[in-house]
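Here are my notes on this model, point by point. Please keep the structure open as you read.

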Amino acid sequence: MDDRTFSLSWPDAIYGQFRRVGIRQVGYVPDAGHSRLIELCVNDPDIHDVVLTTEEEGVALAAGAALGGQRAALLMQSSGVGNCINMFSLMKNCGFPCLTLVTMRGEFGEFNPWQVPMGSITEASLKLCGFLTYRVENPGDVEDIVGAGADMAFSGDFQVAILLSQRLIGRKVWTK
Amino acid sequence: MMERREFVRRLLADRGDLAVVCGLGSPTYDVAAAGDHKLNFYLWGAMGGAAMIGLGLALARPDRRVAVLTGDGEALMGLGSLATIGVKQPANLAIVVLDNQHYGETGMQPSHTHDGIDLVAVARACKFPEARAISDIAEAGAVRDLLHAGRGPILVQARIASGDTPRVLPNRDGHAIKLRFIEALEAAGQ
């Protein structure tokens with residue numbers, strides 16, 4: 001499998017799990033790592049794709065979706081986790097299911113030092129907020145781990161974060 | 001300037017199956033004072049999230065009318081969500097900002113609307129097909145009708161007096177409020 005096949009296959013695996021568990025709303029802040037998954041969701045007439053101005057909007061969106069009987073997922077980058085912290089209290093206080101897929105920055109081979117402070121505390125922050133966190137390093141594990149995490153979120157009203165490692169996504173390539 | 005409790009009472013008169021999301025603080029007390037209802041989702045926190053909860057609900061249930069009643073401070077904290085709602089254009093969503101131009105919960109410090117920041121203009125810029133400010137209680141009936149039949153997204157800036165109002169405290173148990181709401185919404189209209 002070449003790099004390009006890798007980069008296309010794991011978002012498709014996540015999308016397959018979205019279809020399986022019946023995700024109907026997807027909130028996202030545009031992100032290079034999630035670009036393929038966002039495209040799949042935007043093109044799915046069964047999914048309300050909601051582009052957000054900031055990630056915490058997506059947390060509240062997921063709560064509203066649950067009130068209306070729909071399942072939601074939230075796509076963000078690790079920096080977005082910091083934007084969400086107070087809004088996560090809504091999910092914990094009310095026991096709303098929450099499934100978020102976090103593309104990691106600020107770790108493996110990060111070029112931009114400004115990504116490191118938040119990236120290095122993303123998982124710990126999520127845990128402090130009551131999330132179950134599952135980290136994915138290998139493309140072959142994506143389907144299994146995302147599927148398991150989604151089932152935990154929606155069968156038990158848990159808050160679940162899947163951390164997609166920078167090594168999985170691929171280093172951001174910087175050009176002058 | 002309107003008296004907030006009387007305005008909210010008129011807004012929620014004969015509400016039927018209207019689903020109501022209340023922003024934390026005084027709007028939650030105002031909605032509770034108008035009469036507890038299973039289709040009230042009371043917020044006690046999550047400041048800045050009320051309108052987005054309304055959007056998620058409105059998208060999930062296009063067959064229902066959804067009203068968000070919130071304060072000026074809460075709406076200002078979630079200002080970006082007006083842009084997000086403007087993109088999605090939910091026809092069944094209305095936001096009523098109970099604007100007393102102050103942060104009531106924290107000691108009545110003036111909010112941005114006190115200095116003339118114009119939420120109606122923001123909503124119009126965010127492509128809300130209906131955005132208006134009212135300050136006369138005689139207009140409450142027209143706003144009530146908008147909540148039930150207007151084409152959303154709608155934003156109404158309701159200018160209310162900033163006087164002290166006794167707190168009316170609904171249930172604070174988030175799980176209980178959620179479950180009661182979901183059960184009532186499923187049963188509504190059946």
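1. A term to begin with. A crossing of two helices is left-handed if the near helix is turned anticlockwise from the far one by less than a right angle, and right-handed if clockwise. By that rule, H1(B) and H2(B) make a right-handed crossing. One caution before going on: this is a predicted model.

2. Stay with that helix pair. H1 of chain B covers residues 4-11, and H2 of chain B covers residues 26-33. Their axes are 9 Å apart, and the packing angle is about 60 degrees. Angles under 35 degrees count as roughly parallel, and 65 to 115 as roughly perpendicular. H1(B) and H2(B) are therefore oblique to each other.

3. Which residues make the contact between H1(B) and H2(B)? From H1(B) come B:Arg4, B:Arg5 and B:Val8. From H2(B) come B:Ser26, B:Asp30, B:Val31 and B:Ala33. By class, this contact of H1(B) with H2(B) holds three nonpolar, one polar and three charged residues.

4. Now a second pair in chain B. Helix H3 (residues 50-60) and helix H5 (residues 79-88) of chain B have axes that come within 9 Å. They cross at roughly 20 degrees. That makes H3(B) roughly parallel to H5(B). The crossing of H3(B) and H5(B) is left-handed.

5. Look at the side chains here. H3(B) brings B:Ala51, B:Met52, B:Leu55 and B:Leu59. H5(B) meets them with B:Ser81, B:Leu82, B:Thr84, B:Ile85 and B:Lys88. Sorted by class, the contact of H3(B) with H5(B) has six nonpolar residues, two polar and one charged.

6. Next, the sheet of chain B. It is open and has six strands, in the order S2-S1-S3-S4-S8-S7 (chain B), with parallel pairing. Strand S2 (40-42) and S7 of chain B stand at the edges. Each has a single partner strand, so one side of each is left without a neighbour in the sheet. From one strand to the next, the twist averages 15 degrees.

7. Follow the pairings in chain B. Strand S1 (residues 19-22) of chain B is joined to S2(B) by three bridges, and the two run parallel. B:Cys22 has B:Tyr42 in S2(B) as its bridge partner. H2(B) lies across S1, S2, strand S3 (66-71) and S4 of chain B. The direction of H2(B) is at about 125 degrees to S3(B).

8. Is S8(B) enclosed or open? Strand S8 (residues 154-159) of chain B has five of its six residues buried, so it is largely enclosed by the rest of the structure. Six bridges join S8(B) to strand S4 (residues 93-99) of chain B. There, B:Ile95 is the bridge partner of B:Leu155. Strand S7 (residues 130-134) of chain B pairs with S8(B) over five bridges, in the parallel sense. B:Ala133 is partnered with B:Gln157 in S8(B).

9. Turn to chain A. Its open sheet of six strands runs in the order S2-S1-S3-S4-S6-S5 (chain A), again with parallel pairing. S2 and strand S5 (132-136) of chain A are at the edges. Each has a single partner strand, so one side of each lacks a neighbour in the sheet. The twist averages 20 degrees from one strand to the next. S5(A) is joined to strand S6 (residues 159-164) of chain A by five bridges. A:Val136 stands opposite A:Leu164 in S6(A).

10. Two helices to find on this sheet. H3(A) touches strand S1 (23-28), S2, strand S3 (71-77) and strand S4 (98-103) of chain A, at about 170 degrees to S3(A). Helix H8 (residues 142-156) of chain A touches S3, S4, S5 and S6 of chain A, at about 165 degrees to S6(A).

11. One loop residue deserves a look. A:Phe108 lies between S4 and helix H6 (116-119) of chain A. With 15 other C-beta atoms within 10 Å, A:Phe108 is partly exposed. A:Phe108 touches A:Ser165, A:Gln166 and A:Arg167. A:Arg167 is 59 residues away along the chain, but the two C-alpha atoms are separated by 6.0 Å.

12. Last, the interface. How many residues of chain A are in contact with chain B? There are 27, meeting 27 residues of chain B. H3(A) gives the largest share of chain A's side, nine residues. By class, that side has 14 nonpolar, eleven polar and two charged residues.

Note on methods
Residues are numbered from 1 along each chain as its sequence is written. Chains are lettered from A and ligands numbered from 1 in the order in which they are written. This is a predicted model: local features need pLDDT of at least 70, side-chain atom pairs count only at pLDDT 80 or more; totals for chains, interfaces and linings use all residues. Two residues are in contact if their C-beta atoms, placed from the backbone, lie within 7 Å. Helices (H or I, at least four residues) and strands (E, at least two) are DSSP runs, numbered from the N terminus. Ala, Val, Leu, Ile, Met, Phe, Trp, Tyr, Cys and Pro count as nonpolar, Asp, Glu, Lys and Arg as charged, and the others, Gly among them, as polar. Axes are lines fitted to C-alpha atoms, for helices over the stretch in contact, and angles run from 0 to 180 degrees between N-to-C directions. Angles under 35 degrees count as roughly parallel, over 145 as roughly antiparallel, 65 to 115 as roughly perpendicular and the rest as oblique. Two strands pair if DSSP finds at least two bridges between them. A residue is buried if 20 or more other C-beta atoms lie within 10 Å of its own, exposed if 12 or fewer, and partly exposed in between; C-beta atoms are placed from the backbone. Lists of a residue's contacts leave out its neighbours within four places in sequence.
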